[in-house]
Amino acid sequence: MIGFLGDLFINAAFVSAILAAIGYFIYAQNDTNKHFKISNWLFGLQGVFLLIASGLLLYVILTNQFNFYYVYNYTSSDLQLKYLISAFWGGQEGSFMLWILFSIIIGLGLMKWTREPYRGPVLFFLTLTQIFLLSMVSGISIGDFQLGASPFRSLAEAMPNAPFLQSNPDFVPQDGKGLNDLLKSPWMMIHPPILFVGFAMMTVPYCFAMAALWKRKYNEWVDHALPWTLGANVALLTAIFLGGYWAYVTLSFGGYWAWDPVENASFVPWLLGTAGIHTMIIQRKSSTSQKASIIFAILAYVAIVYETFLTRSGILADSSVHSFVDLGLYSQLVVFMGAVTIIGLGLFFYRYKELPSQENESKFLSREFMTFAGAMMLFLIGLVIILGTSSPIIGRLFVENPTPPEVSFYNEWTMPLAIIAAIMTVLGQFLFWKRQDAESLAADLLWPVAITCVATLATIIIGDVRDIYYMVFLLAAWFAVIGNSVIMYRLVRKKPLLIGGALSHVGFGVLLLGILASSAYNEMLLDESVKKYNAAIERGEVTDEQGFQKTQKVDFLELKLNQPKIIDDRYKVTYEGYTLKDQERPGQQEYRIKFEPADGEGKQFVLNPQVYPMLSSSSQSDIQWSVDPDVRTGLMSDIYLYVAGSSFVERRNDEAKEAAAKRRGNASTAEDDSVQVQEVNIGRGETIKVGAFDLTFNDYEEADDQQLQDSTIVAVRANLELTQRGSDSSVPIRPLFSIYVKDGENWTYAPPISIPGYDEASIQFTSVDPSNGGIDLKIRGIDTQVEDQWVLLVAEEKPFISIVWLGTFLLMAGFSISIFRHWDRERKKST
Amino acid sequence: MKPKLIIGIIAIVGFTSLLMYNFGNSISTYVNFEQAAGMEGAHVVGQWDDSEEYGFSMETKQFSFYMEDEDGNVRRVVYPKPKPNNFEEADQLVVIGEMQNGVFYANDMLMKCPSKYNNADEAEFQKAMPSKS
């Protein structure tokens with residue numbers, strides 16, 4: 001029933017959108033206000049329908065209705081509320097719906113604020129994109145063709161060939177597959193929605209550019225579009241930042257950026273949108289670059305659709321760590337992309353001849369030229385990234401079955417372009433606020449250049465920079481920071497709301513500094529012996545048993561329990577054990593790694609990396625562990641580490657394997673002789689090591705159980721405490737020792753007590769040692785050898801990550817200030 | 001023709017050809033284990049052979065497993081990092097590295113999971129069924 005209603009409302013929204021688009025089209029053509037009103041109602045209706053459908057989807061998710069494929073596939077009954085809500089956008093269908101919802105909200109805003117003559121066409125194009133998006137979740141079948149994939153598909157509809165569903169179509173699984181463990185993160189709550197806000201907002205400049213072409217009004221549209229574009233920019237940047245931070249602190253990706261196609265998918269539209277912002281600003285100021293503004297506005301949205309296609313069509317499946325599986329939307333996505341591109345560029349070239357073009361060439365040293373060139377740099381960077389991301393398609397020009405490009409391809413092309421852009425930001429800003437010729441500009445730049453040189457030299461000396469390329473990089477980045485700061489300082493005194501641009505450019509320079517410092521000076525934390533080994537590998541001196549040269553270095557830090565190691569003469573690192581208590585995820589261990597300054601001066605700190613079994617994919621015999629790194633954030637450098645292995649994990653794996661072997665029944669022969677038996681003597685208050693455990697004998701205890709024989713003459717229990725060495729959780733064990741009389745003889749009754757969690761292991765209290773007050777115990781099933789407790793870490797020192805974040809924040813702040821400035825102006829104009 | 005235009009065209013053509021040339025060099029094609037011999041940074045696609053021993057060795061600090069490439073060659077793969085999350089879940093692996101003496105030394109490894117966003121496949125679904133019936 002709910003499924004039917006859900007599909008009904010989605011398709012009702014779909015139909016409303018189509019009707020609204022027709023209405024807006026007529027309104028845009030004929031200026032008939034009646035059609036505008038009707039379309040607005042239809043648009044609103046579409047929103048209501050979709051809201052109801054989303055509510056229904058959320059309802060079936062929250063009530064665990066596993067007969068729905070979407071619910072079964074992304075949730076399970078043990079999920080916390082926050083992750084159940086996130087599951088709404090955990091899959092393709094729900095995330096499409098979220099995207100449309102945001103797009104509708106933006107449409108309402110456009111309805112209110114957009115003025116003639118753009119109003120009609122803008123809403124027409126916005127609704128058009130919503131029709132395409134709605135078609136992805138419609139789920140209606142026309143003959144053999146299915147339009148989109150509905151989130152309300154039942155299991156039987158989703159998997160028609162599953163034999164058990166054919167025999168019993170009403171089969172409902174007891175539990176769902178659950179959300180992927182890696183997605184169970186608070187970041188999952190916030191990162192995707194912000195990303196889709198950005199996607200939805202980036203549609204607006206596209207709509208305005210199309211409206212401008214339609215209505216042949218090529219100038220005023222940028223005023224309207226600018227705040228929206230800036231807003232889209234801030235949203236995308238925030239989403240990119242959150243994604244990068246998420247990847248860094250909770251997924252063990254090892255860094256904040258990996259040039260993964262999905263990361264690029266949000267970065268390229270941002271670059272093109274930013275390029276568009278530059279040309280729009282210069283168009284406002286000087287009535288030039290009309291063509292470029294339109295083109296960038298179109299391309300930014302096309303990039304969003306193109307990257308949506310890349311990540312959702314399954315085409316990137318080989319090259320990305322996180323792309324979706326194809327839902328059969330491939331051809332629909334191609335149509336969407338083709339339509340957006342052809343309509344956009346088609347209309348652009350249709351009107352090309354009448355588009356205003358510049359009569360006089362801009363001089364090299366003019367704000368027009370510099371701003372435009374800056375936009376071109378951003379465009380080129382975007383182009384390089386699109387090319388790299390498209391390797392599965394474009395790479396076929398070179399080889400069959402192409403691999404993604406090496407990471408160095410991205411770095412080698414984007415960084416030099418960024419260096420040029422950094423220098424341009426300063427020239428552009430100095431020319432932007434004051435017309436200057438070469439001479440006055442040179443005079444104006446004298447101090448900024450001087451300070452830049454000093455800062456760069458200081459950095460080179462302090463950072464011991466040897467590489468020429470890095471030096472140039474530093475120079476450009478410092479120049480951007482200092483030059484733009486000077487401009488910002490001047491503007492603050494005149495009119496603070498104007499500093500948006502300068503502040504963003506400072507942020508860009510800071511970001512470049514951060515990128516260089518954090519990537520060039522990343523260092524593994526290793527102890528001396530490993531370092532020597534790696535040096536020997538580098539010299540080619542290490543060979544394996546067959547005499548072949550070994551080439552792989554070791555990048556691990558191994559620590560034994562409570563045995564500190566000195567690293568780089570800077571840190572004394574100690575593994576202090578782990579805790580199993582009060583964990584959010586079942587079976588999780590939280591390790592304690594203590595860092596102290598090697599010279600004993602300064603603060604110490606503890607890092608708590610975690611290891612947990614992935615519930616969605618583990619089985620009893622095969623536990624799949626996942627890790628959660630811990631990061632110590634510092635102003636100068638971060639310490640980043642995660643647990644690659646530990647004695648605890650290894651033992652649990654062995655146990656699982658043994659248990660599995662036993663279930664299969666082939667371990668029965670080995671069992672008898674493999675149980676290890678040891679006898680130990682332990683004094684009162686003493687702790688001894690047994691296998692992987694610490695065993696403490698606290699004291700004797702009175703035994704007053706019913707278990708005892710009537711004729712018992714002596715009965716005592718030992719109060720023992722068994723701790724997995726290194727952990728903080730222990731179990732009490734209280735084995736009994738008693739003597740009773742039967743047939744005139746003394747008999748002992750001392751049953752073995754099994755150890756909780758270890759079916760095969762037991763402890764038996766065999767006798768009291770009268771000589772020292774201690775006791776004798778017989779322990780079965782625990783290793784006779786004392787096991788070392790260890791942890792294997794991947795630990796890195798990452799300098800100046802904080803600078804990367806700082807640069808990002810400054811960029812966001814700069815763009816946000818610009819939104820206020822342009823929004824403010826627009827509002828004043830409309831009243 | 002204006003000289004600026006000519007310079008512009010030359011710049012664009014120069015930039016594009018250099019970019020494409022570099023792009024062409026930085027991508028390679030997926031190969032099988034036999035073709036990978038003697039290659040640097042070879043990309044091999046295949047599946048984890050779970051019938052053989054696998055795991056992380058504390059002595060060598062390496063993760064090793066057997067992989068069957070798409071043409072059916074099975075080789076041992078050595079990876080100097082911990083076992084990645086999701087390793088067992090992956091239905092396809094891409095290892096990047098060098099072939100040496102019949103052993104593939106991977107510097108990098110990508111896993112193609114049914115989806116990172118967790119799509120059900122029918123086989124798994126059947127396994128879950130007996131609990132109900």
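Helices (H or I, at least four residues) and strands (E, at least two) are taken here as DSSP runs, numbered from the N terminus. With that in hand, chain B reads α-β-α-β-β-β-β-β-β-α from its N terminus on, a tally of 3 helices and 7 strands. Please keep in mind that this is a predicted model, where local features need pLDDT of at least 70 and side-chain atom pairs count only at pLDDT 80 or more, while totals for chains, interfaces and linings use all residues. Residues are numbered from 1 along each chain as its sequence is written, and chains are lettered from A in the order in which they are written.

**The two chains**

- Chain A holds 23 helices and 23 strands, and its C-alpha trace spans about 120 × 75 × 55 Å along the principal axes.
- In chain A, 48% of the 831 residues count as buried, meaning that 20 or more other C-beta atoms, placed from the backbone, lie within 10 Å of the residue's own.
- For chain B, the buried share is 33% of 133 residues.
- Contacts (C-beta atoms, placed from the backbone, within 7 Å) can be sorted by sequence separation: among those in chain A with a separation of 6 or more, 68% join residues 24 or more positions apart.
- The corresponding figure for chain B is 44%.

**Nonpolar cores**

- A nonpolar core is a set of buried Ala, Val, Leu, Ile, Met, Phe, Trp, Tyr and Cys residues joined through C-beta atoms within 7 Å.
- The largest one has 187 residues, and Phe208(A), Ala209(A), Ala422(A), Ala477(A) and Leu512(A) have the most contacts inside it.
- Helix α9(A) gives the most to this core, with 18 residues.
- Beyond its neighbours within four places in sequence, Ala477(A) touches Ala422(A), Gly509(A), Leu512(A), Leu513(A) and Leu516(A).
- A second, separate core has 34 residues, including Val554(A), Val649(A), Leu793(A) and Ala795(A).

**A helix pair worth a look**

- Helix α5 (residues 92-113) and helix α9 (residues 186-215), both of chain A, pack at an angle of about 50° with their axes 8 Å apart; the axes are lines fitted to C-alpha atoms over the stretch in contact, and angles run from 0 to 180 degrees between N-to-C directions.
- The two helices α5(A) and α9(A) are therefore oblique to each other, as angles under 35 degrees count as roughly parallel, over 145 as roughly antiparallel, 65 to 115 as roughly perpendicular and the rest as oblique.
- Residues on the α5(A) side include Trp99(A) and Phe102(A), while those on the α9(A) side include Phe196(A) and Met201(A).

Note on methods: Contact = placed C-beta atoms within 7 Å. Buried ≥ 20, exposed ≤ 12 C-beta atoms within 10 Å, placed from the backbone.
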